Amino acid sequence: MTKINPNIETSWKQILKDEFNAGYFLELKSFLVDEKKKYTIFPPGPEIFAAFNFTSFDNVRVVILGQDPYHGHKQANGLCFSVKDNIRKPPSLQNIFKELYNDLAYPVPESGNLEKWAKQGVLLLNATLTVRASQAGSHQNKGWENFTDAVISNLSVKKEKLVFILWGKYAQNKETLVDTEKHFIIKSAHPSPFSADRGFFGSKPFSKTNNYLRQTLQVEIDWQL
């Protein structure tokens, strides 16, 4: 069986080795191999595990949880809410940048590429790591959620004093995987245009994150892009 991406970062490969050998993951691999024969899949194969390759297990300090990769042409880059350089920013990302300005007065960046956040320890994790082109949600319930739930559980158990930023009901349902005695949870409405006015705007997730990191003697995130 062809591996999805044999170059996932070393610390994650060790942490998740049992997942890669689990029955559900072998079924997921088979599903993806079949999908690639018939459809265009996003993100491209080398970028499926980009969130892990940019942010090693040891470096994780903040987790932002998304649901699916973008399904438009050349949008997805393996980091939730992020797009590649020179790609128009989707509406949710535009709203994230509006809140970044309202919260910390940082100007709206030209690029929607969030790699700078990832390199500082912000794990930008989608619950489902792939999607069929132009078909939102098409790879849900195929096994990815088992895998990313294991990611969250491992972070909760094996690390301390992380910040989990949970935007919207879907992400907030994952709170049950997190030990809230050890970690800090930030919850609000989703940045989607359908819900941002119902509690996302004004929620100040970026300054709240840095306040907690500072209080726990950790290095703050430079959110400016």
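Tutor: Gladly! A charge sits over a ring if NZ of Lys or CZ of Arg is within 6 Å of the ring centre and within 35 degrees of the ring normal. By that rule, the charged end of Arg132 lies over the Tyr39 ring, 3.7 Å from its centre. The model is predicted, so to speak of local features we need pLDDT of at least 70, and side-chain atom pairs count only at pLDDT 80 or more, while totals for chains, interfaces and linings use all residues. Residues are numbered from 1 along each chain as its sequence is written, and side-chain values use heavy atoms, without hydrogens or water.

Now the rings themselves. Rings of Phe, Tyr and Trp (its six-membered ring) pair when their centres lie within 6.5 Å; planes under 30 degrees apart are stacked, over 60 edge-to-face, and the rest tilted. The whole structure holds 20 aromatic pairs. One of them joins Phe25 and Phe147: their ring centres are 5.3 Å apart and their planes meet at 45°, so this pair is tilted. Phe25 belongs to helix 3 (residues 23–38) and Phe147 to helix 7 (residues 144–158), so the pair ties together parts 122 residues apart in sequence. Helices (H or I, at least four residues) and strands (E, at least two) are DSSP runs, numbered from the N terminus. Both Phe25 and Phe147 are buried, where buried means under 20% relative accessible area, exposed over 50% and partly exposed in between (1.4 Å probe, protein chains only). These two also belong to a cluster linked by ring pairs, together with Trp12, Phe20, Tyr24, Phe49, Phe52, Phe57 and Trp144.

Staying with helix 3, we find Glu35 there. Its relative accessible area is 5%, so Glu35 is buried too. Leaving out residues up to four places away in sequence, Glu35 touches Ile41, Arg132 and His139; contact means heavy atoms within 4.5 Å. That brings us back to Arg132, the residue whose charged end sits over Tyr39.

Asn141 has 69% relative accessibility, so it counts as exposed. Its C-alpha is 8.5 Å from that of Thr128, a residue 13 places away in sequence.

Helix 7 also leads us to the sheet. It lies across strand 2 (62–66), strand 3 and strand 5, running at about 150° to strand 3; axes are lines fitted to C-alpha atoms, for helices over the stretch in contact, and angles run from 0 to 180 degrees between N-to-C directions. The open sheet has 4 strands in the order 3-2-5-6, with parallel pairing, and two strands pair if DSSP finds at least two bridges between them. Strand 3 (122–126) and strand 6 (184–188) form the edges with a single partner strand each, so one side of each has no neighbour in the sheet. From one strand to the next, the twist averages 20°. Strand 5 (residues 163–167) is joined to strand 6 by 5 bridges, and Val163 has Phe184 as its bridge partner there. Helix 9 (residues 205–215) packs on the sheet as well, touching strand 2, strand 5 and strand 6, and its direction makes about 165° with that of strand 5.
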